[in-house]
Amino acid sequence: MNDTGSHRKTGPGGSSALWGGRFSAEPGEVMERINASIDFDRRLYAHDIGASKAHCEMLVACGIVGEADGEAILSGLDRILAEIESGTFAFSRRREDIHMNVEARLTELIGPAAGRLHTARSRNDQVATDLRLWLRDTIDEADAALRGLQAVLVDRAEEHAASAMPGLTHLQAAQPITLGHHLLAYVEMLGRDRGRLADARRRLNECPLGAAALAGTPYPIDRDRTAAALGFDRPAANALDAVSDRDFVLEFLAAAAIAASHLSRLGEELVLWCSAQFGFVRLGDAFTTGSSIMPQKRNPDAAELVRAKTGRIVGALTTLAIVMKGLPLAYSKDMQEDKEPLFDAVDTLGLAVSAMTGMMRDAAFDTGAMREAAEKGFVTATDLADWLVRERDMPFREAHRVTGALVKCAEEAGCDLADLPLEALKSVEPGLTEEVYDVLDIDRAVAARNSPGGTAPERVLDGVRSARERFL
């Protein structure tokens, strides 16, 4: 989407309608296919037309374009918008991109006055403005979608504030926690994802219009007026920078990739929890599929696909980073490759968030299976070590050694710690009493972790209230 600064016209000797008199022949068919971007950048149409209207109004206010021509341009742009939204607009690859498709149709509608719209701008600042406007709206939509997923997770966390399950490290039983505590962890992750998107939105909200091709314009334009009309905080400070960087797209893609990785982790857990080996959750028919050969199967395909689609979003970030890494200032045609990965990442993230929201809303958790799993794997061993420190004034490292020896005894006996008779416990540590069995109880172990941010049910409910205040 590089620019010559001229409006579309037919040059002498059959020259290109877009490039005017500089060329004597049309581009070749391959050149047209590699050069055109209208197949994907047409989704910028509303923002392109909105920015053009703001630019036109500014040109009229500054006396650069007459009022009659300005009114004709605005009326024509409104008609084009209606045509596109009704599906009657004829997009053309020969006109390359959304900007020239709109300008060509405007010329058909109002004649030569259409050529005045491109005064004091270039397609370089035009596309940079359109893309910022589009991405700003996209971030708002993504934020709302992530907020919706947080709301579902918070509700499910409140529902399961006291539902015991095994907390895992290295995918091995570690300590007992609650499902509510587990779900609130993702609420916090998504909160940071929303914060990164908000930061990206704040930084991109500068208006490139008026930067023109790269050096500004000799016309007496009012960039503050245009920026305000389009809801930007300010005009971009440097014309060269305004048209030649896409760091605002990269920043969004980085935030999207991190958010997608969080969705992928939750998707992976759903896949595990749905398996017969875990049996913690059942996903309904709306988010599962069967097998073409095994009639018993209920596959968590939606969760698997959320996990897989993260690769596309990370790939989009990598693609654009590589495109931009070696470009000299200012605009190069390479930068046309910013949109397809961005658009795909946006669509993919939106689909993944929607699928995860639906799965988490409909998931049926088997609290009995979770509790049964929490009672395996010696998950209260740390509680026993802590009790030795508190009640027997034992250094933690010694308490750790004693507890490890007791775990070994339980393994050899084929039972859990709580099932060892007191005599067996005292054979390892004579100071143990009947009180130790209270420590080995799952519910008491969970309730004991009452530090701020802990898994105790009352702390989970505190977390639910806090999450609603901060995020919803």
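Colleague: In the hairpin of E1 and E2, which residue takes a positive phi?

Modeller: This is a predicted model, with residues numbered from 1 along each chain as its sequence is written, and local features need pLDDT of at least 70, while side-chain atom pairs count only at pLDDT 80 or more and totals for chains, interfaces and linings use all residues. Side-chain values use heavy atoms, without hydrogens and water. Helices (H or I, at least four residues) and strands (E, at least two) are DSSP runs, numbered from the N terminus. The hairpin has two residues between its strands, and the one with phi near 55° is His 170.

Colleague: How many bridges join strand E1 to strand E2, and what is the bridge partner of Thr 169?

Modeller: Two strands pair if DSSP finds at least two bridges between them. E1 (residues 164–169) and E2 (residues 172–178) run antiparallel and are joined by six bridges. In E2, Thr 169 is partnered by Gln 172.

Colleague: Which class does the pair of Trp 273 and Phe 280 belong to: stacked, edge-to-face or tilted?

Modeller: Rings of Phe, Tyr and Trp (its six-membered ring) pair if their centres lie within 6.5 Å; planes under 30 degrees apart count as stacked, over 60 as edge-to-face and the rest as tilted. The structure holds five such aromatic pairs. For Trp 273 and Phe 280 the centres are 6.3 Å apart and the planes stand at 45°, so the pair is tilted.

Colleague: How many residues apart in sequence are the parts that the pair of Trp 273 and Phe 365 ties together?

Modeller: Here the ring centres are 6.5 Å apart and the planes at 70°, so the pair is edge-to-face. Both Trp 273 and Phe 365 are buried (under 20% relative accessible area, with exposed over 50% and partly exposed in between, for a 1.4 Å probe and protein chains only). Trp 273 lies in helix H10 (residues 247–274) and Phe 365 in strand E6 (residues 364–365), so the separation of the parts in sequence is 92 residues.

Colleague: Over the face of which ring does Arg 132 lie?

Modeller: A charge sits over a ring if NZ of Lys or CZ of Arg is within 6 Å of the ring centre and within 35 degrees of the ring normal. Arg 42 lies over Phe 91 at 4.2 Å from the ring centre. Arg 132, at 4.2 Å from its ring centre, lies over Phe 248.
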